[in-house]
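Hi everyone, thanks for having me. Please take a look at the structure on the screen, and we'll walk through it together.

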Amino acid sequence: MPIPCLSYELRNGYIDNWLVAGPQAIPVPDLERFEGPDAKLQIARSHYTAESGVLSTPVEVERHVVGGSELTWAYVRCGDDHFVDLSAFYHTCHYLRSWAYARVVASRSAQVTCTLTTNGPADVWLNGQHVHRQEHFYHQIPFSVSFAAAFQEGENELLVRFEEVAIRECPYVMALRLADLPAREGDGAACVLLPTSLLPLERREILERAFEAAYLERDVYAWDQEITVRWPEDAPVSTGIAARLQTPGGRIYAEAPGVEAGAGKGISLVKAYQVPEGPYRVVLMPRLKEYHERNMRVTRRMPLYAVRNRYSQAAYGTYEERRLEALEDAARREQNVYSEIAKMALGRWSEVSTDAVMAAIERINRREDCSDFHLVGLLGMLHRYGADPSFPEALRGPLEACILGFRYWMDEPGSDAMCFWSENHQILFHACEILAGQLYPEKTFGNAGQDGRWHREKGERMALSWLRKRARGGFREWDSNCYFEEDLLALSHLADLAESSEVYELASVVMDKMLFTMAVNSFKGAFGSTHGRTYAPFIKGARLEATAGIGRLLWGMGVFNDHVLGTVSLACAEGYELPPIIAAIAADQPEEMWDRERHAGELEEWCDRTRGQWEVNKVTYKTPDYMLSSAQDYRPGEFAYQEHIWQATLGPDAVVFVNHPPCTSEEGSHRPGFWHGNVVLPRVAQWKDVLVALYRLPENDWLGFTHAYFPLAAFDEHAIRDGWAFARVGDGYLALTAARGLELVTRGDSAYRELRSYGSPNVWLCQMGRRALDGSFGTFQERVLALERRFEGLTVDLLTLRGQHLSFGWEGPLLIDGREQPITGLPHYENPYCVAELPCSRMEIRLGEELLVLNLE
């Protein structure tokens, strides 16, 4: 009896609907076997099989033996990037393989040009015959290979097996395009068929259409905000469904078992404060009887984050009060070993979970990536609390064995997934080596065969080199609202626990410099600066920033969240005290603050991938109502990574920025991703409250658009009219336009938070405003619409809201009223609080009558 099939059309030649099994993740414990630049290829070949591994016809939601394992064939609907995307982060090395299946109907027999796009090796079978293998590894941007295949008239079975070798972040995608497949008569496109066991088909199709039309208004729901699923007024169907709020692991916190989905409808589930803080999914599904008894297992999962803690936009309390608040918050979370350290700091020894500490030890013993993040905490824990009579005796032996057996630097024996090369990991490994050497000066460390004194001396030498470079020139991962947490994690341990006066004094001064930079580039607790590295959750608002708890602790603005490593470490560091002037600068709200900075230096020569020079010129303009920040003329036209080039900040949720994405996934292994980073960097110039960003996309750009994060629900008012998008929060205003037009996205996971502009070249223009200068929000809009402006290719001429003529292009200077304004070669710092040059040996920081001198030698 024939198996019923779902029917879909090709989209621009791409198969966007698949049945997918996997990934099958096979650990690779013996990395030493695979050496050289082709190590990944060696691993893949060691697991290769000529047979597909598929033994029976794939059917939706059925479990079959695939590749020797029992896997479920799941329905996958691709996004606008056409990718089956299985990207994820793996802390240890794994070989991955997955399978994608579809039937394609052709009107006649023909040779068809197929283009397969993957990050790693892949095979294709057509009607049971192997027709193609490609064997490459492209880590971030996948690579396309075209080949010809003979399709028969009628149905054709397509099977793709695609592979990867995961070491830390693992972008893992597949797309298949059939460029010239003959279409069926009268349909205008070839048909894709997917076998399914979910019957009746009509009901299955109605549910899918209803689910795909749904949207959430926010990425983060805070305190008393209602988590509500909505449908637009033009939703295509109306039907009965169920909805759940559950964790990624499946724990259910709210359920609406029988509700109506359809045009203009909404389903309210719960307020954010009524559930534990963390990531959730709204799961749309058939009504429960239909789901469980009739096996109609079609669902859609919509990601969100719930935050219970209230956000502070103004300084409050004393440092000691906030320190206790930070420790109490971390202890309640039971997030990781730092929650246990918080309990120790509070003297709550009976609540300390030895299992949580042992779990951290086991991960470090496996040398998982980010082991250094947790080892420095364990070392600090032993230094501070190891002599306490209440310290669990059962932990002493495993802790000592873990510390003595660790690999403290890349030149030591061993091969593993730990990352040593990035700026934050460098100082963490050095801090670990110093603190371990101090603890066990006489003992032999098994991995390197050297004693603790040797390790301490090596760690101090390398830490001092790292510290001097950041003291003189700043951070390559500038203003990183994720990796500043890890930098401060290491520096707070060194400032508090290092026995070398040179190390702890320089660590303290570099911390002062970092925190001053954070204070200048923050707006009411939001570290809304440009960032050298970041991830999507940290830029779509301030509530999830890894630095949000640090700001809350040190100057009373921000929010305590799941990122407890830096917060707990600072709260435990009795040997470091934040200079009060830095906290005062963070709280300062001048009528205008114009900050220009340049950070620069030499890259470490021990790592080929980062050899050379680096430099960033960045500016921030801040008023009591908004902040606008950018990295100016930063490597325009070059392929990029995780750099966040510009952002406007009106509040903790009201942020606006533009980027050039490679895919539609927000998974952090994509670097760049949908919101963080850029495929190709723009050329940006900012003159106080106005910013111009020029984007020149490659001819073969995968998505073909740049887009703005523009979260309508975060604004007090908004308007999209006459080619502009306007927003108001309090007395702060924003206007945004693009030379190639704006399109508000109303479907998918970014609905009502995304503005797209297709085509290249393109010019984005952002103009900020204030009630104090521009009158009402309506008046601001009319004044902006009346501005004289001219876009021509990659040049713009504009009469700004302040009556100044701005001219800027892909080449040449920024001109204001005909006069060149520097956008590169800036001072190290130039703002109302501090002026300093590069290389920097001394900083004088002033606010009113207060003065702080930082000796950076």
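The protein chain holds 18 helices and 47 strands. Its radius of gyration is 28 Å, close to the 29 Å from the globule rule for 857 residues, so the chain is as compact as a globular protein of that length. Do keep in mind that this is a predicted model.

If you draw a box around the C-alpha atoms along the principal axes, that box is roughly 85 × 70 × 50 Å. Of the 857 residues, 61% are buried. And how much of the contact set comes from residues 24 or more positions apart? Among contacts with a separation of 6 or more, the share is 71%.

What about charge? There are 86 positive and 119 negative side chains, and the centres of the two sets lie 3 Å apart.

Now let's zoom in on one strand, β31, which covers residues 690-695. Is β31 buried or exposed? Here 6 of the 6 residues are buried, so the strand is largely enclosed by the rest of the structure. You can see this on both faces: V690, V692 and L694 are buried on one side, and L691, A693 and Y695 on the other.

Who are the neighbours? Strand β30, residues 683-687, runs antiparallel to β31 and is joined to it by 5 bridges. In that pairing, V684 stands opposite A693. The two strands form a hairpin with 2 residues between them, and K688 in the turn has a positive phi of about 55 degrees.

β31 also pairs with β38, residues 762-770, through 6 bridges, again antiparallel. There, L694 stands opposite V763.

How values were computed:
Residues are numbered from 1 along each chain as its sequence is written. This is a predicted model: local features need pLDDT of at least 70, side-chain atom pairs count only at pLDDT 80 or more; totals for chains, interfaces and linings use all residues. Side-chain values use heavy atoms; hydrogens and water are left out. Helices (H or I, at least four residues) and strands (E, at least two) are DSSP runs, numbered from the N terminus. The radius of gyration is taken over C-alpha atoms; the globule rule is 2.2 Å times the number of residues to the power 0.38. Buried means under 20% relative accessible area, exposed over 50%, partly exposed in between (1.4 Å probe, protein chains only). Contact means heavy atoms within 4.5 Å. Lys and Arg count as positive and Asp and Glu as negative; His and the chain ends are not counted. The place of a charge is taken as NZ of Lys, CZ of Arg, CG of Asp or CD of Glu. Two strands pair if DSSP finds at least two bridges between them.
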